Amino acid sequence: MIRLGMLTPSSNTRLEPATAALLRDADGITAHFSRFRVTEITLSAAGLGQFDEAPILAASRLLADAKVDAIAWNGTSAAWLGFPRDEALCARITDATGIPAATAVLGFREAFTRVAIRRVGLVTPYTGDVQEKIRANWGAAGFDCTAERHCGLSDNFSFAEVPEDEVAAMARAVAAEGAEAVAIVCTNMAGTALVETLEAELGIPVFDSIAVTLWAALRAAGTDPGRIAGQGRLFRL
């Protein structure tokens, strides 16, 4: 039995059912969730303060009580805070619990690297200033967000209410502008169930944050992500 511990933003309603759907046919793998408070995505002091390490580490220690094989941060905050933020967080989680750690954003970086992606189509629900931070951080790492679409939202709960057809339309738009892969960056956005259909239509990888986090967690746990079948190119990397 492989148990995956998932750190979850408190106002997120998408990632738990989506993760369960991804694991539906994966015998012997279960996901277990621990929440800490995240209600807004902004660059304000209050918005950034939600990602201080103390509550994240407290939630990690609760997951450790369930003897999970890996702990994954199901959030994309390091996309605008910078990759080093999640690198340090993973080290701190492992120091505190003795358990390997992974994150969505580090998972994106690994997936882009494995497929040699340099032109990313960035799709998010976020506001323009957050979007520009992501583009700057990812561009500095060699992942040029040549095309982007965002919804202009900041209330984390509202991200889950963006319709699937709107998410799909944004993915098609960035693909049409020459992206080598689509990145749906938000673990509270309806992208997971769209991946197979969009990849078949667009002919490029579509990386959804919820799926990326699961993929990264499986790798951290020493488990073959290929055990997740029929959920897009990511799980065949």
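**Exercise 1: a pair within one helix**

Glu110 and Arg114 are four residues apart in helix 6, so about one helical turn separates them. Keep in mind that this is a predicted model.

Task: find out how far apart the closest N and O atoms of Glu110 and Arg114 are, and what the two form.

Solution: 
- Step 1. The closest N and O atoms are 2.8 Å apart.
- Step 2. A salt bridge needs a Lys or Arg side-chain nitrogen within 4 Å of an Asp or Glu carboxyl oxygen, and Glu110 and Arg114 do form one.

**Exercise 2: a pair between helices 5 and 3**

Task: work out which parts of the chain Arg92 and Glu53 link.

Solution: 
- Step 1. Their side chains meet in a salt bridge, with 2.8 Å from N to O.
- Step 2. Arg92 sits in helix 5 (residues 83-97) and Glu53 in helix 3 (residues 53-64), so this pair links distant parts of the chain, 39 residues apart.
- Step 3. Arg92 is partly exposed, at 41%, and Glu53 is partly exposed too, at 25%.

**Exercise 3: a pair between helices 6 and 5**

Task: say where Arg109 and Glu87 lie.

Solution: 
- Step 1. The side chains of Arg109 and Glu87 meet in a salt bridge of 2.9 Å, N to O.
- Step 2. Arg109 lies in helix 6 (residues 104-115) and Glu87 in helix 5, so the pair ties together parts 22 residues apart in sequence.

Terms used
Residues numbered from 1 in each chain as written. Predicted model: local features only at pLDDT ≥ 70, side-chain atom pairs only at ≥ 80, totals over all residues. Heavy atoms only, no water. Helix = DSSP H or I, 4+ residues; strand = E, 2+ residues; numbered from the N terminus. Buried < 20%, exposed > 50% of the residue type's maximum accessible area, 1.4 Å probe, protein only.
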